[in-house]
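Here is a friendly note to read with the model open beside you. Take the points in order and look for each residue as it comes up.

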Amino acid sequence: MIYFDNAATSYPKPLSVCNAVYGALMGPYANPGRSGHPLSLAAGERIFEVREAAAEFFGALPEEVVFTKNATEALNVAIKGCYALSGKNEIIISDLEHNAVYRPVCKLEKGGATVKIFNTDGSPEQIVKSFEALCTKNTALAVFTHASNVTGKLLPVSKLCDVAKRYGITTVIDASQTAGLADIDLGEIKADFLCTAGHKSLFGPMGTGLLIARGGADTLIEGGTGVLSVEKEMPSFTPERFEGGTLNFPGIIGLGAGLTFILKKGRKTISEHEQLLLKECALRLEKISGVTLYLSPRDKALNTLSFNIKGYSSGEAAAVLSKSGFCLRSGLHCAPLAHSKLGTLSGGTLRASFGFFNTENEILELVRAVSELKSK
Amino acid sequence: MKKEISVKSFTYAMKGKRLLEKKAISAEVIKKAEDCGCIYLIRYDDKGSGFDVRNYLLSSGVKLSDKAVSP
């Protein structure tokens, strides 16, 4: 079996991640941040170590690192929480957004918000221009992906945040497809919120996500925090403000091991390896007649490639390739906006997303399989 | 001599502990139940050098609590 679905979740996980999860379950650990006995305090300390690691990784402070169950939860907290406090009613998103962004803003739209969508065609300068044309004094927040989960196209998030700041707009970045691959330094990128999955290129277990919260937001979930229990409201300070209830201790410890794995191998090394595979695959697939690529091999992308094969729906092609041992994802990838833009809303695309453990030989095997499928 | 300083949360207690350790001051985090709910304390070694721990933690971004500061 050859796994090319790393944009959904990375597989396999490093052995160190598996061992860390096992160790977290074996203990001795108890509920972190709840009790004063050694097992609870030890678990809390392990959690804090992961907060420190994530903070350093993204150029943030440990107390700005909020653990969530996935990027979707992080995005919901940031989007709905900011909007609720803003006193404004416009929201700007890109035309590449995943449903983790699109559905929360559609829900707010139902409640009276105005949602504006900026065009991501063209150069970074053109994208920034298209974004700025929608900014007004009444814009509450701008939410944009760092890279499309369909085409892999990268957005100039740092420049977009700079423009948003000039208009007093809160910014939320969805870094689900880039965290662990792209250089994300919140000292440089002036985002208010950064949201990401923990289980993709950060190598953590599924069920982990991160919200780096530098701005204020209302809470989405209320519950126990282990502090200020007599108060009726959640604490005003992060991370406890957004971490009601017991944390996913084994998952977070696994995520910490994922971060350590990246630091050991080198983020740049991992990223360059995946980009090399992407380019190799794109250049070879491009030569097969009947194959349509949705991002040029000459465009910069990290690890995701969408394509279609003439004569096959994306679902049919994925099913045939699956029988030959390839794991690819077909359909809309939970991103109808992006597919609408590509003109593939009715059938979707086949998506190959590469990971650190993939090899060039595996790319050649996929290209051969696609070529054979085409010639049938 | 051991001293304690109260902080807003476990996260700030850990942050404070790390900061003190960087200054070669040994510290531990403890949790106590008070009538306002639970509070976290940093218990540290005060070597009597006159180093202002409270001010150091505060200026380093540790949110202190006014609930309890015990000698």
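The points below go from the ground rules to the two interfaces.

1. This is a predicted model, where local features need pLDDT of at least 70, side-chain atom pairs count only at pLDDT 80 or more, and totals for chains, interfaces and linings use all residues. Residues are numbered from 1 along each chain as its sequence is written, chains are lettered from A in the order in which they are written, and side-chain values use heavy atoms, leaving out hydrogens and water.

2. Start where the chains meet: 22 residues of chain A are in contact (heavy atoms within 4.5 Å) with 18 residues of chain B. Together the two chains bury about 1,700 Å², 59% of it on carbon and sulfur atoms; buried area is the accessible area (1.4 Å probe) that two parts lose on being put together, summed over both. On the chain A side, Phe48(A), Glu63(A) and Phe237(A) lose the most area to chain B, together 31% of what that side buries.

3. Four salt bridges (a side-chain nitrogen of Lys or Arg within 4 Å of a carboxyl oxygen of Asp or Glu) are counted between chain A and chain B. Lys17(B) forms a salt bridge with Glu45(A), and their closest N and O atoms are 3.6 Å apart.

4. Now look inside chain A, where an automatic or database assignment gives domain 1 (2-11 + 266-375) and domain 2 (15-264). The C-alpha centres of these two domains of chain A lie 27 Å apart.

5. Domain 1 and domain 2 of chain A bury about 2,600 Å² between them. There are two salt bridges between these domains. Asp95(A) forms a salt bridge with Lys341(A), with the closest N and O atoms 2.7 Å apart.
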